[in-house]
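Q: I am new to this structure and would like a close look at a single part of it, the place where two chains meet. Please take me through it step by step.

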Amino acid sequence: MALSQDEVARLAQLARIDLSPAELAHLAPQLDVILEAVARVTDVATDDVAPTSHPVPMTNVFRADEVHDSLPVDEVLAMAPDREDDRFRVPRILGEEQ
Amino acid sequence: MDASTLITTSAADLAGAIATGEVSSVEVTRAHLDRIAAVDGAVHAFLSVDEEGALAQAAAVDARIAAGERPGPLAGVPLALKDVLAQKGVPTTAGSKILEGWRPPYNATVTQRLLDAGVVILGKTNMDEFAMGSSTENSAYGPTHNPWDFTRVPGGSGGGSAAALAAFEAPLAIGTDTGGSIRQPAAFTGTVGVKPTYGGISRFGQIALASSLDQPGPCGRTVLDTALLHEVIAGHDPKDQTSLDAPVPPVVAAARAGDVRGLRVGVVTELGGEGYAPEVEANFRATVDLLAELGAEVVEVSCPTFEYALAAYYLILPSEASSNLARFDAMRYGLRVGDDGTRSTEQVMALSREAGFGAEVKRRIIIGTYALSAGYRDAYYGSAQKVRTLVQQDFTAAFARADVLVSPTTPTAAFRLGERLDDPMAMYLNDLCTIPTNLAGNAAGSFPTGLTGDGLPIGFHVMAPHRADDRLYRVGAALERALTDRWGGPLLNRVPGPATTTEVTR
C-alpha cells in the first residue's frame with residue numbers, strides 16, 4: 001500500500017488540521033511505514049474471532065438521576081477563547097464551501 | 001530532619017513523622033520546593049510548580065493534624081501530578097501548546113482524592129503531548145532529562161513524573177498508562193510504577209487519549225509508598241462510567257507482606273529474544289531465579305498472539321485518539337488561531353489544530369482517521385479489535401497456569417535524547433512488553449531490578465489478572481527486600497549527583 005500526499009491531505013482535511021505542504025511531504029512516507037507495520041493484524045483476525053471494544057465488558061451503566069450544581073458559568077467562560085454575554089462566541093458557521 | 005534527609009525519606013516515613021509532629025508538612029514541602037528550584041533547571045521534570053498552593057495545602061494539613069485529626073496515611077506528603085490530570089485553577093496542558101494557559105474549572109477525581117487525603121501537590125509534570133510518546137521528547141515544552149544520565153530520555157509519556165522521583169524532587173507521583181506510560185518511565189529511572197486494573201482508578205478529569213486503554217496509576221520510589229498511593233486514589237467513581245464498582249484490592253497489605261512463597265510465576269516466552277538487549281535479558285533471568293530462591297514456583301507460558309499486540313495497539317489508539325482529540329476545536333477552550341472575522345468556524349478550527357498540535361499528535365490523528373474511514377474500517381480497526389480478543393484469550397490461558405506473568409519492562413535501557421525522535425516505529429517498539437496489558441485491561445507494574453554496565457536502570461515487569469493488583473505488590477516488595485539487601489541500600493542511592501547535594505550541574 002502506498003499513501004500519497006493527496007490522500008494524506010484529504011485525511012488531514014477530514015481531521016480538521018491545516019497541514020503545510022512541507023508537513024505533508026514529511027508525514028506521508030512515515031505514515032506509510034506505520035500502516036504497513038500495523039496491517040499485519042489482518043494475518044490473525046479471522047472471521048471466527050469476535051471483536052473486543054472494551055477491556056471490561058459493561059452494559060448500561062447509569063448513575064442515580066440526581067440534580068447537582070453545574071460549574072459556575074463565569075469560571076468556565078473565563079477559559080474560553082472568546083465570549084459574548086453568557087455564551088461562547090464562535091466564528092461564522094454559515095457560508096461553508098464544502 | 002535536615003533538608004537532604006527530608007527529600008530522601010520514603011513517603012510512608014514522612015507521613016509518620018508529620019503525623020507525630022516530628023516535622024511539619026510545611027517543612028517537608030519547603031524542602032522539596034527548594035530541591036526543585038535547585039535541580040529542575042537541569043532535569044525539567046515539571047511544567048509548572050505551584051509553590052503558593054502547595055505551601056497552603058501543607059499548612060492546612062498541619063492545622064488538621066494539630067487539631068487532632070488523622071487525615072490519612074500519606075497526609076502532608078508532597079506529590080508530583082502528571083499534567084494530563086485536571087487541577088482546579090492550576091495550569092493543565094497535557095504537554096500541548098493547544099492547552100497553553102488553560103486552568104481547569106474543576107478537579108479530576110484523582111486530584112480531588114489526593115487533596116482530600118492531605119497529599120500536597122507540588123506541581124504538574126512534563127509529558128509527551130497528550131501522552132503520545134515513549135520519551136517525553138514530544139512535549140511541546142521541551143524534553144525531560146533522565147536523572148541517571150542527562151543525555152538520555154526518562155521514558156514516556158510520564159517521563160516528568162518518573163524523573164521527579166529519581167531526582168528526589170518528590171517522593172510520590174501520579175502517572176497515566178495507555179500503552180506503558182507509567183511502567184516504561186519507571187524502568188528507565190529505577191523507580192516503581194503501577195498500571196492498575198482498567199477501571200480501578202477513575203479517569204474523570206484525565207484528558208483522554210484512548211479511552212478504552214487509559215488508566216491513571218501510582219508512582220513511587222518504594223513499593224510500599226506506591227501501594228499507599230494506589231489505595232488513596234483507587235475506588236469506584238460514579239463520574240466515570242467505566243469505573244469498577246468493586247472493592248480495592250488489598251495492595252498495602254500485599255506490599256507489607258512481600259511474600260512470594262508458593263506463588264506461580266509465569267515467564268512469557270514471546271517477550272524476549274531478538275531485539276532485547278543482552279544485559280536486560282540477563283537481569284531478567286537473574287530476577288526470575290531470585291524469585292525461585294524466595295519460594296516462587298516458576299513456569300514457562302506462551303502467549304503467541306502478543307506479537308500482534310503492538311500492531312493492534314497502533315490502530316486502536318490512533319482511532320480512539322482521533323475521536324477524543326476532536327474536542328480541541330478552538331471553540332470552548334484552548335488555542336484559537338485566525339479568528340479575524342473573515343474565516344469560518346471550520347477554517348479557524350483547522351488553523352488552530354495545525355498550530356496547536358505537534359508532529360506525533362498529527363501523525364496519530366491522521367492514522368486514526370484513516371483506520372476509521374469508510375472502506376478501511378473493517379480491515380484496520382475491526383481486525384485490531386479481533387486481535388484484542390486473541391490477546392485476552394492468551395492472558396486467560398496463561399493465568400490458568402500462573403498467578404502472575406513476568407517479562408522485562410522494556411527491551412532496552414534508556415536511550416539517548418534525539419535517537420528515535422524521527423523514527424516512529426523504533427519509538428513504538430519500546431512498548432512491546434507493556435502494551436498487551438492495556439489491550440486486555442489487567443494490572444501490571446514495573447520494579448527496579450538492576451543497572452546496566454553504563455549505570456542505567458533496568459525494570460522487571462509483573463502482570464496480574466483483572467482486580468488482582470495486590471499480586472504485583474507481593475512480587476515487587478519481595479524483590480525490593482531481597483535486592484536492597486544485596487545492593488546494601490536502595491538502587492536510587494546510586495543516582496549520580498548524590499541526593500544529599502542540592503546542586504546539580506549538567
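How much area do chain B and chain A bury between them, and what share of it is on carbon and sulfur atoms?

A: In this predicted model, chain B and chain A bury about 5300 Å² between them, and 66% of that area lies on carbon and sulfur atoms. Of the area that chain B buries against chain A, Tyr308(B), Ile366(B) and Lys386(B) supply 12%, which is more than any other three residues. Counted by residues, the contact brings together 65 residues of chain B and 57 residues of chain A.

Polar and charged groups also take part in this meeting of the chains, with 18 residue pairs in polar contact between chain B and chain A, both residues being at pLDDT 80 or more, and with a count of five salt bridges between the two chains. One salt bridge joins the side chains of Lys88(B) and Glu75(A), with 3.7 Å from N to O.

Turning to the side of chain B that touches chain A, the elements that give two or more residues to it are α11 (309–324), α12 (345–356), α13 (359–371), α14 (378–401), α15 (424–428) and α16 (435–440) of chain B. The largest share comes from α14(B), which gives 11 residues to this side. By class, the residues on this side of chain B divide into 33 nonpolar, 17 polar and 15 charged.

Key
Residues numbered from 1 in each chain as written. Chains lettered and ligands numbered in written order. Predicted model: local features only at pLDDT ≥ 70, side-chain atom pairs only at ≥ 80, totals over all residues. Heavy atoms only, no water. Contact = heavy atoms within 4.5 Å. Buried area = accessible area lost by both parts, 1.4 Å probe. Salt bridge = Lys/Arg side-chain N within 4 Å of Asp/Glu carboxyl O. Polar contact = N/O pair within 3.5 Å; in protein donor to acceptor, adjacent residues only side chain to side chain. Helix = DSSP H or I, 4+ residues; strand = E, 2+ residues; numbered from the N terminus. Nonpolar A, V, L, I, M, F, W, Y, C, P; charged D, E, K, R; others polar.
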